[in-house]
Amino acid sequence: MVEKAFILDNGAYTAKVEHSTVQEPKIIPNCIMKAKSERRRLFIADQVEECRDASGLFYLLPFQKGLLMNWDIQKTVWDYIFSKDCCRSNFTETPLIITEPYFNFCSIQEAVAEIFFEEYECQSLLRVTAGDLSDYHYRSVNPNALCTLVIDCGYSFTHVAPYIRGKKQKNAIKRIEVGGKLLTNHLKEIISYRQLHVMEETYVMNQVKEDCCFVSMDIMSDMSKSKKKYPENDIVRDYILPDFTNLRRGYLHTLDKPPVVEQQKLRMNNERFSVPEVLFHPSDIGINQMGLAEAIKYSIQQCPEESRSHLYKNIVVTGGSALFPGFKERLYKDVRADSPDDFEVNITLPENPITYAWHGGKLMSKDPEFYSFVVTKEEYEEEGPTICMERFDT
């Protein structure tokens, strides 16, 4: 057991970072941004809060299609995160837990180890997937759970990963190529086609998605309702767009009240539920893949028969897209309809699905066996990157 560890859940959209001694991590954008209003300045991570006008932000992302590809950008963000301006850290004394994607390339794994051991002089490192930490968190809270099915609705992809007695079943992990980034881009295209050109407004449209969208329990009923006029149509809303002088973030507005000040707005109707629906039916927009409920069934069927009832009973959902209102209820409805009648279906949606894996890392750092999981700097210098490949089962 360690007194203090530094946990970096290094997601493609946000990094969740802090020492294990604090209650909650900081959630920091894992990117560099340029603004039209301040062309000379780069905004690293959460410095975007200082940007006076966040319309038309240009993103420089370290991750491409779920994999860490741009090392210069990632290193700049990490330097900022570990500095006194964000989360001052001393890796010569503090062990580091860092997350990586499922099925990460060996070359990326080696580069991460090299950067942390040689440049940041890290004394001990644990490289693990966010799903492993979510499984550890779930089993810590539910000690009787023999199996866990972790659903990670991430930025680039959605993963369904079964764990049996804490060990992930790699052959049964299913990836759906729909994540938060695709949903935001889909919303941008719909709005640009129907109302207003917003293809360059990723930052604002991501906020529109977060504030407006919900998961429909009955898509056909909601679709027919959205064709009617207000007030019979109780789905339609106006979204008041931010002007970045008086209003920094937009908000939803019902049609029966006039806005306080006349501002630019978007009329949000069936977009509110048709965008998150892509998670459940990717074929709606031409992605030839199974939806979330089908992927869960497929993944569980790849596991040993005796584990299947336990997996249905212990489904945990993490990631930002799980925050859509109605997500848990719709997922339960679809999974229940497609699972054997004699199996119990139970879906856990944590209070904060974004930080759930980070809290799993916090619990893992308190494990009496913690130092048997890590690789120390001495071991790395003696045996090279192969020791990391052997010890970290990712």
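This report covers a cavity and a helix pair in a predicted model.

## The cavity

Rolling a probe the size of a water molecule over the atoms shows where empty space is left. Here, one cavity of 30 Å³ or more turns up. The largest cavity has a volume of about 80 Å³.

## What lines the cavity

The lining starts with Asn10, Phe63 and Leu68, among others. Ile98, Thr99, Glu100, Pro101 and Asn104 also belong to the lining. So do Ile108, Val112 and Arg127.

E9 gives the largest share, three residues. Sorted by class, the lining of the largest cavity has six nonpolar residues, three polar ones and two charged ones.

Now turn to a helix pair. Helix H9 spans residues 292-301, and helix H11 spans residues 327-338. Their axes come within 9 Å. The axes cross at roughly 50 degrees. Angles from 65 to 115 degrees count as roughly perpendicular, and those under 35 as roughly parallel. H9 and H11 are therefore oblique to each other. The crossing of H9 past H11 is right-handed.

## The contact between H9 and H11

Which residues make the contact? From H9 come Leu292, Ala293, Ile296 and Lys297. From H11 come Phe327, Leu331, Asp334, Val335 and Asp338.

What classes do the residues of this contact fall into? Six are nonpolar and three are charged. No polar residue takes part in the contact of H9 with H11.

Note on methods: Residues are numbered from 1 along each chain as its sequence is written. This is a predicted model: local features need pLDDT of at least 70, side-chain atom pairs count only at pLDDT 80 or more; totals for chains, interfaces and linings use all residues. Side-chain values use heavy atoms; hydrogens and water are left out. On a 1 Å grid over the protein atoms alone, a cavity is a set of points where a 1.4 Å probe fits but cannot get out, and a pocket is an open set with protein on both sides within 12 Å along at least five of seven lines; lining residues have an atom within 4 Å of a point. Grid points are joined across faces, edges and corners, and a volume is the space filled by probe spheres set on the points. Helices (H or I, at least four residues) and strands (E, at least two) are DSSP runs, numbered from the N terminus. Ala, Val, Leu, Ile, Met, Phe, Trp, Tyr, Cys and Pro count as nonpolar, Asp, Glu, Lys and Arg as charged, and the others, Gly among them, as polar. Axes are lines fitted to C-alpha atoms, for helices over the stretch in contact, and angles run from 0 to 180 degrees between N-to-C directions. Angles under 35 degrees count as roughly parallel, over 145 as roughly antiparallel, 65 to 115 as roughly perpendicular and the rest as oblique. A crossing is left-handed if the near helix is turned anticlockwise from the far one by less than a right angle, and right-handed if clockwise. Contact means heavy atoms within 4.5 Å.
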